[in-house]
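Reader: Could you walk me through this one? I'd like to go through the contacts, then the folds, then whatever else turns up.

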Amino acid sequence: MIRKACAVALLAVAIAATGVRADEFTKEDLKKWDDAFRTVVKEGERLFHSSDLGKNSVSCDMCHPNAANTHPETYPKFQKQIGKMSGLRDMINWCIQNPQQGVPLAADDPRMVALEAYITWERRGVKLAPGKH
Amino acid sequence: MRNAIDRRTFLKQAGALTAAASLPFGLVNVAWGKKPTEKFTFAYISDAHITQIRGTEFVANFDKGLQRAALELNFLDPKPDFVVFGGDLAQLGKREEFEHGRELMKDVTIPIKWVIGEHDYYLDLGAYWQEHMAPLHYSFDHKGVHFVALNSILTHDEWTFRRWPTAQERMHQMARLDNPDGSPFMVKAEQREWLKKDLAKVPKDTPIVILSHSPLYKIFRPWNFWTDDADEVQAILKPYQNVMVFHGHVHQVLYNQIGTITFNAFMATAWPWPYPVTYSQLPNKVPEITVFMNRADPFKERDGTGWGNITMDGGEIHHYELWENTPRTVEKMPGMKYPADTKFQDPKSRIPAQTQY
Ligand SMILES: [Fe+2]
Ligand SMILES: [Fe+2]
């Protein structure tokens, strides 16, 4: 009995040390995270419509208005032109290097995350179809 | 008549050798009500989007498209009577872009019938165009067919004259296809009045061809695959028995039939646009009868681009010369209710690349 009480007390201390329980986030937190998401989508939209990524003033939206025909739901897939399994970010970099004559982005570059966020946001609700051609 | 593959191979060789040769296009004779006084062909090139990077540097990809179309025109047999340029010669309406585009087309030996696009208009509102190329709207008669070129990319005065601080800013805003701050295309009342007067002297059974940049019907407003007063324009055309509208702007194979009016769109020489059905967030009215052009390999620079060739002989036959994809032929034969692809109209006859991506 005493041991059990001790354990409960220890647990209380542990919770106090880490702040709140995992399920104790608030509506304000949700709002904050959604705002963070939207900010990045917005930045992705800006990049997608700017000539910042390449070197010849060509922008992504010139071929992909509203990010159409990027079909992010089909990635990763075997990309026949590359000859191996590729992710959406490989295709983003292909576009930056070829039609835009620019320098590819690192996978963890915040601009890459922003572009992925915008592209998938414009395709929200479409069923996942990895590998589809 | 050679098959498509032979023709394409021939084209490539002819282009590579720049030989004085002719293309053996299969031309089918058709009859449709009152015929033109003489059978003839004309070519259609559109949406070159010549883009200045800086100084004398231009986007090479787009240069190559226009250059190739201009070169290939010279190999056509029969030689087309003229070529229609369907608009968007420039990307940002700059004098340098117009001049460079015209330079790339300097070897075209047949007359060019210019139609203005929004990328040509919204920097100087047609000043360069009218001074060096063509009026913004005009008509002409050719072998029994009445042709009318319209400026279909006008919009609200408030947007054009008062919304933006500079002409450059206005041009940039209009150049973005998916712009939520954009504005719908219009022919507008003044030009519609001119069209009415122009057509008043034309007998109702004379074949009429309207050349516009935007589709004169409503497909998808967010990308201006749309003309806001299309219904009013169609009402003016309604009394005529055989009306064909040829337009650019959509950068894709697209055809439709509304009443007696047949609509046809052509590819760009610069790059292809997706069909609005590929944008999953909003509804669209893409014509059911259009068999989409396929996008077999976007890694190829000229994928989904090309130009067109039209035979007028009462009916109409359009040949779509797609550079990296199977060429297409769409025709409206006598007795046909709507235009149809000669090979792929039946879904069972389509190839996997037309439904996959
Ligand atoms: Fe265009
Ligand atoms: Fe256009």
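Reader: Which side chain does K42(A) meet in a salt bridge?
Author: In this predicted model, the side chain of K42(A) meets that of E45(A) in a salt bridge, at 3.4 Å from N to O. Both residues sit in helix α2 of chain A, residues 27-48, and because they are three residues apart there, about one helical turn separates them.

Reader: And is E45(A) buried or exposed?
Author: E45(A) is buried, with a relative accessible area of 18%, where the cut-off for buried is under 20%. K42(A), on the other hand, is exposed, with a relative accessible area of 55%.

Reader: What does R176(B) do with E45(A)?
Author: The side chains of R176(B) and E45(A) meet in a salt bridge as well, at 3.0 Å from N to O. R176(B) lies in the loop between α7 (167-175) and α8 of chain B, while E45(A) belongs to helix α2 of chain A, so this pair joins two chains. As for accessibility, R176(B) is partly exposed, with a relative accessible area of 21%.

Reader: How many salt bridges are there over all chains?
Author: A search of the whole structure gives 27 of them over all chains. One of them pairs the side chains of R54(B) and E57(B), at 2.9 Å from N to O; R54(B) counts as partly exposed at 47% relative accessibility, and E57(B) also counts as partly exposed, at 39%. Salt bridges with shared partners also link K42(A), E45(A), R176(B) and D178(B) into one network.

Reader: What does D88(B) bridge?
Author: D88(B) bridges the iron ion (ligand 2) and the iron ion (ligand 1), which are 3.4 Å apart. D88(B) is in the loop between β6 (83-85) and α3 (95-104) of chain B, and H249(B) is in the loop between β11 (243-247) and β12 (254-258) of chain B, so the pair ties together parts that lie 161 residues apart in sequence. Both D88(B) and H249(B) are buried.

Reader: Now the sheet: what is the order of the six strands?
Author: In chain B this open sheet runs β8-β9-β10-β11-β13-β12, with mixed pairing. Its edge strands are β8 and β12 of chain B, each of which pairs on one side only. Neighbouring strands are turned by 20° against each other on average, with direction ignored.

Reader: Which strands does helix α8 of chain B touch?
Author: Helix α8 (residues 189-200) of chain B packs on the sheet and touches β8, β9 and β10 (208-212) of chain B, and its direction makes about 165° with that of β9(B). Helix α9 (residues 230-237) of chain B lies across β10, β11, β12 and β13 (261-265) of chain B, running at about 125° to β13(B).

Technical notes
Residues are numbered from 1 along each chain as its sequence is written. Chains are lettered from A and ligands numbered from 1 in the order in which they are written. This is a predicted model: local features need pLDDT of at least 70, side-chain atom pairs count only at pLDDT 80 or more; totals for chains, interfaces and linings use all residues. Side-chain values use heavy atoms; hydrogens and water are left out. Donors are N, O and S atoms within 2.8 Å of the metal (3.2 Å for Na, K and Ca); water is not among the atoms, so sites may look incomplete. Helices (H or I, at least four residues) and strands (E, at least two) are DSSP runs, numbered from the N terminus. Buried means under 20% relative accessible area, exposed over 50%, partly exposed in between (1.4 Å probe, protein chains only). Two strands pair if DSSP finds at least two bridges between them. Axes are lines fitted to C-alpha atoms, for helices over the stretch in contact, and angles run from 0 to 180 degrees between N-to-C directions. Contact means heavy atoms within 4.5 Å. A salt bridge is a side-chain nitrogen of Lys or Arg within 4 Å of a carboxyl oxygen of Asp or Glu.
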